[in-house]
Amino acid sequence: MRRQIPLLITGFVGAIYIVTFFIPATRFVETIATDWILIIQAFAIWLGALNLLKLSIMKLSSRKPGAGYAAIVIVCFLITAAAGLAPITRGEHFLSDHNYLAENSTFEWIYNSVYVPLNATMFALLAFFVASASYRAFRARNREATLLLGAACVMMLGRVPLGDAITGFLPEGWTLSAWADVIMNFPVLAGQRAIMIGIALGIVSTALRLVLGIERSHVGGD
Amino acid sequence: MFERLLALDRRWIFLFVAVALTIPFFLGLSCKSYVSPEVKALYAALEELRPNSKVIVSFDYDPASEPELNPMADAFMKYAFHHRLKLICIGLWPQGPLEVDRCFNRVLADPEIQKLNPVYGVDYVNLGFQSGNEFAIQGMGASIYNVFPNDMRGTATSQIPIMMDVRDFSNVDFVFNLSAGYPGTVEWVQVAVDRYGVTLGAGNTAVQAPLVYPYLGSGQLKGLLGGMKGGAEFEALSGHTGKATKFMVSQTFAHLVVILFIVMGNVAYFAAKRKGGRA
Amino acid sequence: MNVSDWLALQVAALLTLGIVSFLYKDNPIYKICESIFLGVSAGYWFTVLFWENMVPKLYENISQAGSRPYTEAGVPSLLYVVALILGIMMLLRLFPKLGWMSRWPLSVVVGATAGLWFITYMQSNALSQLRATLLPILDFQAMDAATGTGLSGWFNKYLGNLVILVGTSTGLCYFYFSKEHKGVFGGLARVGIYFLMVTFGASFGYTVMSRMSLLLGRIDFMISEWWPSLFSGWS
């Protein structure tokens with residue numbers, strides 16, 4: 001039963017979304033289901049955050065090496081959540097003040113001075129790694145690899161003003177930026193479209209398997 | 001020598017990249033941007049909008065994508081304010097609402113925009129974030145009030161002047177999506193465009209831009225700003241020069257560095273291979 | 001600049017340098033910054049979901065069901081109790097003995113996603129794209145009528161549709177693994193590989209553009225915002 005009921009739910013809900021597409025008069029049912037999905041997905045994100053808190057607490061109580069970092073995770077989580085939930089104590093009635101981003105709020109300060117630089121810098125590191133990977137790994141070993149690197153170089157030069165500066169002797173509309181445009185709008189479009197169609201057919205067949213209950217991996221074992 | 005080049009400590013490469021990208025900031029150079037067809041197409045679609053047209057702007061990105069998408073967002077907002085378009089801003093990423101606020105703070109600090117005196121709730125609104133990814137878009141097709149019952153400040157959406165005659169997508173004239181991944185432009189095309197007939201333009205990070213070119217080709221997407229270059233092109237077209245244009249010189253240096261490394265790596269590899277060394 | 005803004009700049013710069021220190025080697029300062037990021041991210045997501053979803057959609061709909069029995073979309077307010085129960089069942093995943101109950105809300109999401117994707121991927125990514133690929137390749141009237149200058153204009157006029165048709169179909173041939181890639185079919189798959197290599201090369205070029213832009217953003221912050229703040233102080 002622990003597996004059968006979830007499988008039935010999967011098939012039933014999946015069928016709702018397929019049937020309501022073809023019978024618009026039944027879209028009211030879809031509206032209700034969509035509302036529930038928005039809320040369940042919110043709880044799923046909460047689950048992720050709370051699971052992180054749980055794992056950090058377990059790591060801290062185990063006193064293994066690295067437990068100090070778990071303490072930092074817990075403290076930062078609690079401070080951020082406390083700052084964000086502060087409006088609960090404001091307002092005439094319980095939860096009447098929704099404005100968690102009031103001007104000069106601590107929560108917004110934490111976002112601007114802590115979250116933004118950390119998030120942005122983490123991803124900025126990728127620039128260094130992409131340069132290092134280009135030097136160490138990208139080799140024109142065969143025809144296909146040479147084609148790949150050639151296209152990459154044309155795009156990298158064509159999408160900056162230098163490309164037009166280098167090929168400025170060519171008539172207008174025939175410079176490197178025009179080549180980059182043509183590459184993107186024709187062969188790249190075709191290649192991406194082939195990938196897109198292939199993936200779409202795979203997703204459609206997997207979705208059908210899920211709705212019909214043939215695919216059961218999401219309900220796990222008993 | 002070539003073997004030593006191939007075995008170069010990557011920290012020297014990191015240092016070279018950092019220096020090469022920092023130098024252009026002190027050179028004070030500028031450059032002109034060639035405008036690509038997909039940016040022109042987006043601009044042409046926007047020019048067809050009449051004053052007081054309702055435009056949904058979806059901020060589907062986080063701070064990691066700010067350098068690419070903020071210039072597009074700023075230029076688009078300035079264009080919209082100058083052309084008296086009504087902006088309904090939402091976020092399908094949790095960071096979206098704060099990115100909207102940060103964008104408004106930057107744009108409204110511009111004296112040219114202050115002269116236009118845009119009013120919150122009348123000319124623009126921030127409806128906040130809603131979870132659910134493509135289900136949020138699906139829900140908006142039935143009722144925007146249901147998906148976003150309040151704005152960021154807690155005011156009921158149905159009581160906000162700009163939203164009073166906007167119940168669903170049929171009351172919206174254009175959607176502009178700023179996207180860094182999932183959910184993003186792909187989901188807006190799949191649900192809003194193909195199911196509800198929305199007119200959609202998009203600004204994407206450069207990583208995502210090639211993935212949506214098929215939608216451009218099929219007409220599902222009206223126009224596309226791809227990466228910081230797309231932002232610079234839109235700034236040039238709309239006349240609101242900003243950071244994207246300023247960074248184009250640095251971007252040029254960055255691309256030259258990578259091409260240099262690719263060439264150096266291949267030269268060293270083939271030279272070492274020819275010598276019979278380990279590559 | 002007030003004290004709060006000045007302090008925000010210093011904290012942001014310190015954290016930026018802490019993360020960048022990873023490039024030299026992994027170190028405790030980087031690990032501290034990483035832990036701060038994890039904690040603040042989780043707290044941020046927790047807060048935003050609370051105010052943007054839980055309060056307006058759950059709490060207000062259920063608590064005001066007496067005075068407002070239906071939402072704006074005509075959904076009965078009390079039906080949200082079911083969503084609340086499903087959401088709580090999702091949270092039970094935190095407890096190993098009760099974790100099996102989370103399969104129910106998970107099944108709702110999986111089923112809904114499967115149903116929605118069945119339609120949207122078929123409609124938008126398969127059928128629309130196939131329709132957009134079926135283009136005439138020798139339409140002399142269209143060639144005469146086509147405008148546009150330069151290489152783009154020339155391609156649009158003469159070769160564009162052929163390139164798209166050949167590229168898409170040979171690319172699909174390459175992905176068809178039920179038949180061995182030999183003979184004519186193998187030749188078509190090989191042409192498909194060439195189109196895909198150009199595609200991946202262009203994607204790599206765009207990826208480089210994207211990653212470098214992210215680094216330029218941080219360098220701009222350090223040079224244009226943080227460095228001047230060290231000398232200007234606060235007022």
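With 8 other C-beta atoms within 10 Å, B:N117 is exposed, and its place in this predicted model is the loop between α6 (111-116) and β3 (124-129) of chain B. Although B:N117 is not a glycine, its phi is positive, at about 55 degrees. A positive phi is also found at B:N52, a residue other than glycine, where the angle is near 70 degrees. B:N52 sits in the loop between α3 and β1 of chain B, and it counts as exposed because 12 other C-beta atoms lie within 10 Å, the cut-off for exposure being 12 or fewer.

**Chain B**

Chain B contains 12 helices and six strands, and its C-alpha trace spans about 75 × 40 × 35 Å along its principal axes. Of its 279 residues, 59% count as buried. Among the contacts in chain B that link residues at least 6 apart in sequence, 74% join residues at least 24 apart.

The chain is divided into domain 1, made of residues 1-30 + 245-279, and domain 2, made of residues 34-241. The centres of these two domains of chain B, taken over C-alpha atoms, are separated by 37 Å. Four residues of domain 1 of chain B are in contact with five residues of domain 2 of chain B; on the side of domain 1 that touches domain 2, the residues divide into two nonpolar, two polar and no charged.

A buried position in chain B is B:D60, which lies in strand β1 (residues 54-60) and counts as buried because it has 28 C-beta neighbours inside 10 Å. Neighbours within four places in sequence aside, the contacts of B:D60 include B:G91, B:L92, B:W93 and B:G96, as well as B:N177, B:L178, B:S179, B:A180, B:P183 and B:G184. One of these partners, B:P183, is joined to B:Y182 by a cis peptide bond with omega of about -5 degrees, and B:P183 lies in the loop between β4 (174-179) and α9 (185-196) of chain B. B:D60 and B:I162, which are 102 residues apart in sequence, are 22 Å apart in space, C-alpha to C-alpha.

**Contacts between chains**

| Interface | Residues in contact | Side of chain A by class |
|---|---|---|
| Chain A with chain C | 111 residues of chain A, 106 residues of chain C | 85 nonpolar, 18 polar, eight charged residues |
| Chain A with chain B | 48 residues of chain A, 48 residues of chain B | 28 nonpolar, 11 polar, nine charged residues |

On the side of chain A that touches chain C, the elements giving two or more residues are α1 (4-22), α2 (27-62), α3 (67-85), α4, α5 (143-158) and α7 of chain A, and α7(A) gives the most, with 26 residues. On the side of chain A that touches chain B, at least two residues are supplied by each of α2, α4, α5, α6 (161-166) and α7 of chain A, with the largest share, 14 residues, coming from α4(A).

How do α4 of chain A and α12 of chain B lie relative to each other? The axes of helix α4 (residues 106-136) of chain A and helix α12 (residues 243-274) of chain B come within 7 Å and cross at roughly 25 degrees, and the two helices are therefore roughly parallel to each other. Their contact is made by A:A131, A:S134, A:Y135 and A:R136 of α4(A) and by B:V257, B:V258, B:F261, B:I262, B:M264 and B:G265 of α12(B). By class, this contact has seven nonpolar, two polar and one charged residues.

Helix α7 of chain A also holds A:S177, which counts as buried because it has 26 C-beta neighbours inside 10 Å. Apart from neighbours within four places in sequence, A:S177 is in contact with A:G158, A:G163 and A:D164 and with B:Y34 of chain B. The C-alpha atoms of A:S177 and A:I32, 145 residues apart along the chain, are separated by 49 Å.

**A bent helix in chain C**

Helix α6 (residues 150-174) of chain C bends by about 70 degrees at C:L159. Among the buried residues of α6(C) are C:S152, C:N156, C:G160, C:N161, C:I164 and C:G167, together with C:C173 and C:Y174. The cover over the buried residues of α6(C) includes elements from three chains, namely α7 (176-211) of chain A, α3 (37-47) of chain B, and α4 (103-133) and α7 (183-232) of chain C.

Terms used: Residues are numbered from 1 along each chain as its sequence is written. Chains are lettered from A and ligands numbered from 1 in the order in which they are written. This is a predicted model: local features need pLDDT of at least 70, side-chain atom pairs count only at pLDDT 80 or more; totals for chains, interfaces and linings use all residues. The bend at a residue is the angle between axes fitted to the seven residues ending there and the seven starting there. Helices (H or I, at least four residues) and strands (E, at least two) are DSSP runs, numbered from the N terminus. A residue is buried if 20 or more other C-beta atoms lie within 10 Å of its own, exposed if 12 or fewer, and partly exposed in between; C-beta atoms are placed from the backbone. Two residues are in contact if their C-beta atoms, placed from the backbone, lie within 7 Å. Axes are lines fitted to C-alpha atoms, for helices over the stretch in contact, and angles run from 0 to 180 degrees between N-to-C directions. Angles under 35 degrees count as roughly parallel, over 145 as roughly antiparallel, 65 to 115 as roughly perpendicular and the rest as oblique. Ala, Val, Leu, Ile, Met, Phe, Trp, Tyr, Cys and Pro count as nonpolar, Asp, Glu, Lys and Arg as charged, and the others, Gly among them, as polar. Domain bounds come from an automatic or database domain assignment.
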